[in-house]
Amino acid sequence: MNIQEYNQAVDQFADGLYRFALKSLNDSDMAHDFVQDAFEKLWIKLEKVENAKSYLFTTVYHAIVDHSRKEQRMRVYAEQVDRNPVSELQAIDLHEILNKGLNEMSEIQRNVVLLRDYEGYSYQEIGEITGLSEQQVKVYIFRARKFLKEYIGTIEAVI
């Protein structure tokens with residue numbers, strides 16, 4: 001990879017990386033930092049990297065995983081969240097409920113469903129980014145979608 005290809009990678013992948021990081025972290029500043037760090041790491045390994053897109057998303061994914069694990073070690077859970085928020089949240093729109101549902105998922109489920117449904121990656125590409133097999137990716141996406149379906153309940157209950 002040369003400098004021109006690096007600049008093209010910045011133009012092509014910066015927005016998608018940011019969206020992925022933002023959806024995973026729910027923190028705009030941290031998402032910017034993770035994307036910037038990924039491009040810095042790409043710059044350092046400029047000559048060694050062949051597929052910039054895969055390298056960048058993998059780097060951001062691993063940064064998100066590391067951050068989440070660090071937060072989990074520091075976090076103390078006060079109580080379990082009620083798994084049926086629809087009855088309590090009559091006036092909240094579907095987008096907010098979906099975001100809350102995404103936050104309730106395990107980290108790996110949230111990341112694979114975001115990569116598949118928000119970013120449009122294939123199962124194979126998600127497997128390369130996360131280090132999972134294609135079959136594992138399919139299982140995680142199935143379980144994540146099933147969880148969201150149960151979490152949201154019926155559309156009538158939301159409206």
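These legends go with close-up views of a predicted model.

**View 1. The largest nonpolar core.** This core has 42 residues. Helices α1 (3-25), α2 (28-44), α3 (52-74), α4 (94-104), α5 (107-118), α6 (123-130) and α7 (134-152) each put in two or more of them. The largest share, eight residues, comes from α3. If you want a place to start looking, F20 and L42 have the most contacts inside the core. As for the general background, nonpolar side chains in soluble globular proteins tend to be buried together.

**View 2. Around F20.** Leaving aside residues up to four places away in sequence, F20 touches F57, V60, Y61 and I64, and also N111, L114, L115 and E119. Keep E119 in mind, as it comes back in the next view, where its side chain pairs with R19.

**View 3. The R19–E119 salt bridge.** Here the side chains of R19 and E119 meet at 3.3 Å, N to O. R19 sits in helix α1 and E119 in the loop between α5 and α6, so this pair ties together parts that are 100 residues apart in sequence. Buried or exposed? E119 is buried, with a relative accessible area of 18%, under the 20% cut-off. R19 is partly exposed at 45%.

**View 4. The D117–R145 salt bridge.** The count comes to two salt bridges, and this view shows the one between the side chains of D117 and R145, at 2.5 Å, N to O. It links distant parts of the chain, with D117 in helix α5 and R145 in helix α7, 28 residues apart. Both ends are partly exposed: D117 has 42% relative accessibility and R145 has 36%.

Key. Residues are numbered from 1 along each chain as its sequence is written. This is a predicted model: local features need pLDDT of at least 70, side-chain atom pairs count only at pLDDT 80 or more; totals for chains, interfaces and linings use all residues. Side-chain values use heavy atoms; hydrogens and water are left out. A nonpolar core is a set of buried Ala, Val, Leu, Ile, Met, Phe, Trp, Tyr and Cys residues joined through side-chain atoms within 4.5 Å. Buried means under 20% relative accessible area, exposed over 50%, partly exposed in between (1.4 Å probe, protein chains only). Helices (H or I, at least four residues) and strands (E, at least two) are DSSP runs, numbered from the N terminus. Contact means heavy atoms within 4.5 Å. A salt bridge is a side-chain nitrogen of Lys or Arg within 4 Å of a carboxyl oxygen of Asp or Glu.
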